[in-house]
Amino acid sequence: MIIRKMAIADYRQVYDLWMACAGMGLNDVDDSESGVRRFLERNPETCFVSLDESGQAPTGDITGVIMAGNDGRRGYIYHTAVAPDHRHQGIASLLVQHACSAFKDLGISKVALVAFSSNLAGNSFWERQGFSLRDDLAYRNLALQRLNRLDT
Ligand SMILES: CC(C)(COP(=O)(O)OP(=O)(O)OC[C@H]1O[C@@H](n2cnc3c(N)ncnc32)[C@H](O)[C@@H]1OP(=O)(O)O)[C@@H](O)C(=O)NCCC(=O)NCCS
């Protein structure tokens, strides 16, 4: 198994992999090819894929993916996924290690992520990786498409 940085050329295989996984919260904007391209351009050092050297994986050669990015202060992890028939082999753990090591190299000291509370397996995985649950915080967001631009 090989782990390398993700490139936009991986998009179709990665998208198919996400679609094969329950528990992924995909949307038409951020997870479109242009959305992923934009994320990779901003975060070229911290997104990784795993590859099956045998070339037998049903979604092509890519067996796992992690999208990780930072805003200069915090690292954030999105859409970690491993193909169903490649799970429990330590692939996601290795992807997390690569992303966290790359964050450290960039001087980022804390990493966060959001998971659906209903994704028990995903949350067990993150607990095992050392990502503690913050039950003192409320997660809030705002869809900016609904806001009008300011006339300047
Ligand atoms: C969560 C996921 C990425 C884990 O991938 P993986 O390559 O199987 O993970 P690892 O082999 O590195 O697992 C490391 C440890 O995490 C825990 N873990 C992994 N999958 C788990 C599961 N389904 N239930 C409970 N614990 C789990 C285990 O302790 C595991 O150790 P084990 O190999 O002895 O079972 C994978 O199941 C997946 O793609 N799920 C669907 C997408 C998803 O939910 N992603 C997370 C979004 S928040």
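Is histidine 79 buried or exposed in this structure? At 17% relative accessibility, histidine 79 counts as buried. Buried stands for under 20% relative accessible area, exposed for over 50%, and partly exposed for values in between (1.4 Å probe, protein chains only).

The model is predicted: local features need pLDDT of at least 70, side-chain atom pairs count only at pLDDT 80 or more, and totals for chains, interfaces and linings use all residues. Residues are numbered from 1 along each chain as its sequence is written, and side-chain values use heavy atoms, with hydrogens and water left out.

## The chain as a whole

The protein chain has four helices and five strands. Along the sequence they follow the pattern β-α-α-β-β-β-α-β-α. Helices (H or I, at least four residues) and strands (E, at least two) are DSSP runs, numbered from the N terminus.

Along the principal axes, the C-alpha atoms fill a box of roughly 55 × 35 × 35 Å.

Of the 152 residues, 34% are buried. The protein chain exposes about 10,300 Å², and carbon and sulfur atoms supply 49% of that area. Accessible areas come from the Shrake-Rupley method with a 1.4 Å probe; for residues, only the protein chains shown count as cover.

Contact means heavy atoms within 4.5 Å. Among contacts between residues at least 6 apart in sequence, 66% join residues at least 24 apart.

The protein chain carries 16 positive and 18 negative side chains. The centres of the two sets lie 8 Å apart. Lys and Arg count as positive, Asp and Glu as negative; His and the chain ends are not counted. Each charge is placed at NZ of Lys, CZ of Arg, CG of Asp or CD of Glu.

## Two histidines

Histidine 79 is in strand E4 (residues 75-82). Its phi is positive, about 55°, although histidine 79 is not a glycine. Histidine 88 is in the loop between E4 and helix H3 (91-105). Histidine 88 also is not a glycine, and has a positive phi of about 60°. Histidine 88 is exposed, with a relative accessible area of 86%.

| Residue | Relative accessible area |
|---|---|
| Valine 36 | 0% |
| Threonine 63 | 1% |
| Leucine 40 | 9% |

Valine 36 sits in helix H2. Leaving out residues up to four places away in sequence, valine 36 touches Met6, Ile8, Tyr11, Trp18, Asp30, Asp31 and Met67. Valine 36 and leucine 147 are 111 residues apart in sequence, with 23 Å between their C-alpha atoms.

Leucine 40 is in helix H2 too, which spans residues 33-42. Neighbours within four places aside, leucine 40 is in contact with Met6, Ala7, Ile8 and Cys47. Leucine 26 is 14 residues from leucine 40 along the chain, and their C-alpha atoms are separated by 16 Å.

Threonine 63 belongs to strand E3 (residues 62-70). What does the side chain of threonine 63 make a polar contact with? The partner is the side chain of serine 50, at 2.7 Å. A polar contact is a pair of N or O atoms within 3.5 Å; within protein, one must be able to donate a hydrogen and the other to accept it, and residues adjacent in sequence count only if both atoms are side-chain atoms.
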